[in-house]
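Have the structure open as you read along.

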Amino acid sequence: MRVAVIPVIAGLAIGAIASLLAYFGNPGNMGFCGACFLRDISGAIGLHRASIVQYIRPEIIGLVFGAFISSMFFKEFRPRGGSSPLMRFFLGVFASIGALVFLGCPWRAWIRLGGGDLSAIAGIVGLFVGIFIASIFLKNGYSLGKSKNVSKLESLLIPIFMLVLFVFLVTKFSFGENLPIFFSQKGPGSNHANIVISIIAGLIIGVLTQRSRFCTIAAFRDTILFKDTHLLQGVLALFVGVFVMNLILGQFHLGFTNQPIAHNDIVWNFLSMVLCGLAFALAGGCPGRQLTLSGEGDSDAGIFVIGMIVGAAFSHNFALASSGAGVSVFGPYMVIIGLLFCLILGFFAKER
């Protein structure tokens, strides 16, 4: 097996940066989490009112702009879209719900494990199972249809949205008393690295993901379908990068309990990430990949990202999201509904 140099370098760097971001102030074992950070942004702009998870995360803005700059420099910016946007929106909604029941996206599952959180193992196994099921659908003709060329304006909407968020962040703009933009005063949303550090980290990660096509979902999918471990090596390198940097920084704590922003419900850690694996694979990539694609001009990926933001708001407005105390009462019901949605979509969405 040949070493995939570029994905391995990207994985090592992303893992190390995630650990460093936690060291500089981001929540423990959450140096970089697409689902959690989009959830914080959702709260900051007032789509949900869970006061402990409201912050415009600069890392997300940096990632999109890093991918945008890289794709423009290497002439890979391509305005495209129109491939079942409504289905992609709902896949984003259910992917976000699953991630917030687990308390982390696929990146964070590996980051949690790299910090010693053994409760992440059930989630990683569930993620693999979800991707495996999606791979069966792909083998049998699953497709959301082909994308087509779209206007440059449409392809720039997500970068423009990120620019607006950046302005709100640096000016701490407010629409009035008890109105957005919200910034958490306690809880995970109040834990963040310096804005400059976070933006630079996001820009670096955006360039790396754009150049390497790094994706935790495609890594397993390609291994299953094509016996291609090119991207899987990058994912394993991410784990190594987090693990080694955590050891250096004294942030590694092995165990199932007392882990930061995590719960130990094995069943729902597993099933929620089965949902994530299915939803992300059916949509074509993990949150990091979707954000990268949206920076490259892919409006379908942009629709998925918006779906995740709405799904995060839905999770907190309707008490679906888990906490360190455990799974909520209603979260498991929505995981089951999400699994049914993805299974029906996988069976019936075929390109004709």
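Predicted model: local features only at pLDDT ≥ 70, side-chain atom pairs only at ≥ 80, totals over all residues.

For cysteine 276, the nearest cysteine sulfur belongs to cysteine 105 and lies 8.4 Å away, and cysteine 276 is in no disulfide. A disulfide is a covalent bond between the sulfur atoms of two cysteines. The pair of cysteine 286 and cysteine 215 deserves a look too: their sulfurs are 3.8 Å apart, and cysteine 215 holds the closest cysteine sulfur to that of cysteine 286. That is still too far for a bond, because the cut-off for a disulfide is 2.5 Å.

How exposed or buried are these residues? Cysteine 276 is buried, with a relative accessible area of 0%. Cysteine 286 is buried as well, its relative accessible area being 0%. The table puts the distances and areas side by side.

| Cysteine 276 | Cysteine 105, 8.4 Å | 0% |

Now for the overall build. The protein has 15 helices and two strands. Its radius of gyration is 18 Å, close to the 20 Å that the globule rule gives for 352 residues, so the protein is as compact as a globular protein of that length. Along the principal axes, the C-alpha atoms fill a box of roughly 50 × 45 × 40 Å.

Of the 352 residues, 58% are buried. The accessible surface comes to about 14200 Å², and carbon and sulfur atoms account for 70% of that. As for charge, the mean positions of the 23 positive and 13 negative charges are 4 Å apart.

Key
Residues numbered from 1 in each chain as written. Heavy atoms only, no water. Helix = DSSP H or I, 4+ residues; strand = E, 2+ residues; numbered from the N terminus. Rg over C-alpha atoms; globule rule 2.2 N^0.38 Å. Buried < 20%, exposed > 50% of the residue type's maximum accessible area, 1.4 Å probe, protein only. Areas by Shrake-Rupley, 256 points an atom, 1.4 Å probe, with all protein chains shown as cover. Lys, Arg positive; Asp, Glu negative; His and termini not counted. Charge placed at Lys NZ, Arg CZ, Asp CG, Glu CD.
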